[in-house]
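Subject: Handing over the structure

Hi there,

Here is the structure I promised to pass on to you.

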Amino acid sequence: YTINPFEDEGDLSALLELSSLEHSQRINQEELLSSARATTRELVRGLAHEIKNPLGGIRGAAQLLASEIESPMLHDYTNVIIEEADRLHKLVDRLISARHQLEFSETNIHEVLERVRNLAEADPASAKITIQTDYDPSIPMIPADGEHLIQAMLNLVRNAMQSINNAREPVENGEILLRTRVIRNATIGEQFHRLAVKVDIADNGPGVPPHMLSTIFYPMISGRADGTGLGLPITHSIISQHKGLIECKSKAGKTIFSVVMPLAVAE
Ligand SMILES: Nc1ncnc2c1ncn2[C@@H]1O[C@H](COP(=O)(O)OP(=O)(O)OP(=O)(O)O)[C@@H](O)[C@H]1O
Ligand SMILES: [Mg+2]
């Protein structure tokens with residue numbers, strides 16, 4: 001709760017604001033995630049370079065082999081080696097690129113979201129999906145790294161599109177909503193913020209499978225056959241570097257990923 005004094009026609013009064021227990025649960029969840037993330041970061045840093053070098057060697061050798069052999073069937077094998085090496089290479093690149101130092105400047109969150117919307121609409125995967133927006137025009141500029149925020153939000157929108165498109169029971173009128181709001185009195189990690197911006201990415205797909213809900217922010221957790229399970233950990237890492245939090249509420253037909261970032265300087 002918070003107590004604020006205020007004066008009413010000379011009388012000094014106090015305003016008591018009560019808010020739900022959800023906050024403290026969220027903090028614990030965040031703490032857990034950050035310590036898991038620190039461990040992962042160390043692991044990734046070490047692994048990435050160790051993987052990339054031998055991978056180059058494997059790919060090169062497979063290419064040489066391919067140029068020496070004639071049987072098309074054996075070429076199928078060398079192609080598998082080359083394609084899989086490329087896939088791993090890309091995966092490692094994504095892991096490393098998510099660790100770049102962020103560059104902060106005054107950023108308009110709606111410009112970020114409009115870029116994300118344009119990119120999503122240019123993607124053939126969005127052909128049967130309507131992307132709606134519901135922006136709060138009163139949101140001021142926030143200190144942020146625009147390019148990284150675009151990446152973070154785009155990962156969420158891509159997941160929403162994939163979920164709608166891959167649904168076992170086809171989704172009629174697939175819809176994604178990008179919504180922004182100012183919220184008061186947000187607790188992010190251990191910090192209290194009087195004002196924060198909340199971005200919701202909502203979709204009407206089948207939802208996150210309940211057994212996955214507690215692990216989707218961990219690396220390499222994917223419900224898709226061709227998923228790498230890196231989208232959400234990368235998004236989480238970028239949002240954390242903005243001192244923000246991300247959470248997910250999901251049920252069939254309604255999934256909302258919410259990003260909350262502080263608007264003003266922490267108190
Ligand atoms: N909007 C959503 N609706 C339903 N399930 C979702 C949604 N967003 C994420 N998920 C589930 O969470 C999993 C993890 O998502 P994440 O973005 O981390 O990895 P991915 O999409 O599988 O692979 P990548 O993003 O690396 O290509 C997804 O595979 C999916 O099962
Ligand atoms: Mg993803």
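Below is what was found, part by part.

A few ground rules first. This is a predicted model, where local features need pLDDT of at least 70 and side-chain atom pairs count only at pLDDT 80 or more, while totals for chains, interfaces and linings use all residues. Residues are numbered from 1 along each chain as its sequence is written, chains are lettered from A and ligands numbered from 1 in the order in which they are written, and side-chain values use heavy atoms, with hydrogens and water left out.

Let's begin with strands β1 (residues 2–8) and β2, which run antiparallel and are joined by 7 bridges. Strands and helices here are DSSP runs numbered from the N terminus (helices are H or I with at least four residues, strands are E with at least two), and two strands pair if DSSP finds at least two bridges between them. One of the bridge pairs puts E7 with L12 of β2. There are 2 residues between the strands of this hairpin, and E9 takes a positive phi near 45° there.

How many of the 7 residues of β2 are buried? The count is 0, which leaves β2 (residues 11–17) hardly covered. Buried means under 20% relative accessible area, exposed means over 50%, and partly exposed is in between (1.4 Å probe, protein chains only).

A nonpolar surface patch is made of Y1, I3, L16 and L18, with about 530 Å² of accessible area together. For such patches, residues need over 30% relative accessible area and no salt bridge; nonpolar side chains (Val, Leu, Ile, Met, Phe, Trp, Tyr) are joined within 5 Å, and like charges within 9 Å. The areas come from the Shrake-Rupley method with a 1.4 Å probe, and for residues only the protein chains shown count as cover. Y1 itself sits in the segment before β1 and counts as exposed, at 70% relative accessibility.

**The open sheet**

Further along, 5 strands form an open sheet with mixed pairing, in the order β4-β6-β7-β9-β8. β4 (129–134) and β8 (245–251) stand at its edges with a single partner strand each, so one side of each has no neighbour in the sheet. From one strand to the next, the twist averages 20°. Angles run from 0 to 180 degrees between N-to-C directions, and axes are lines fitted to C-alpha atoms, for helices over the stretch in contact.

β4 and strand β6 (residues 174–188) run parallel and are joined by 6 bridges. Within this pair, T130 stands opposite E175 in β6. D134 is partly exposed, at 28% relative accessible area, and R181 is partly exposed at 33%.

**Helices on the sheet**

Helix α3 (residues 109–122) lies across β4, β6, β7 (191–203) and β9 (254–262), at about 175° to β4. Contact means heavy atoms within 4.5 Å. Helix α5 (residues 231–241) lies across β8 and β9, at about 140° to β8. Why is α5 described as largely enclosed by the rest of the structure? Because 10 of its 11 residues are buried, including L232, I234, H236 and I239. Just after α5, K243 takes a positive phi of about 60°.

**Other salt bridges**

A salt bridge is a side-chain nitrogen of Lys or Arg within 4 Å of a carboxyl oxygen of Asp or Glu, and by this rule the count comes to 9. One of them joins the side chains of R59 and D86 (2.5 Å, N to O). R59 lies in helix α1 (residues 22–68) and D86 in helix α2 (residues 72–97), so this pair ties together parts that are 27 residues apart in sequence. Both count as partly exposed, R59 with a relative accessible area of 26% and D86 at 29%.

K198 and D200 also form a salt bridge, with their closest N and O atoms 3.4 Å apart. Here K198 is partly exposed at 24%, whereas D200 is buried at 5%. Salt bridges that share partners also join E114, R117 and E121 into one network.

Enjoy exploring!
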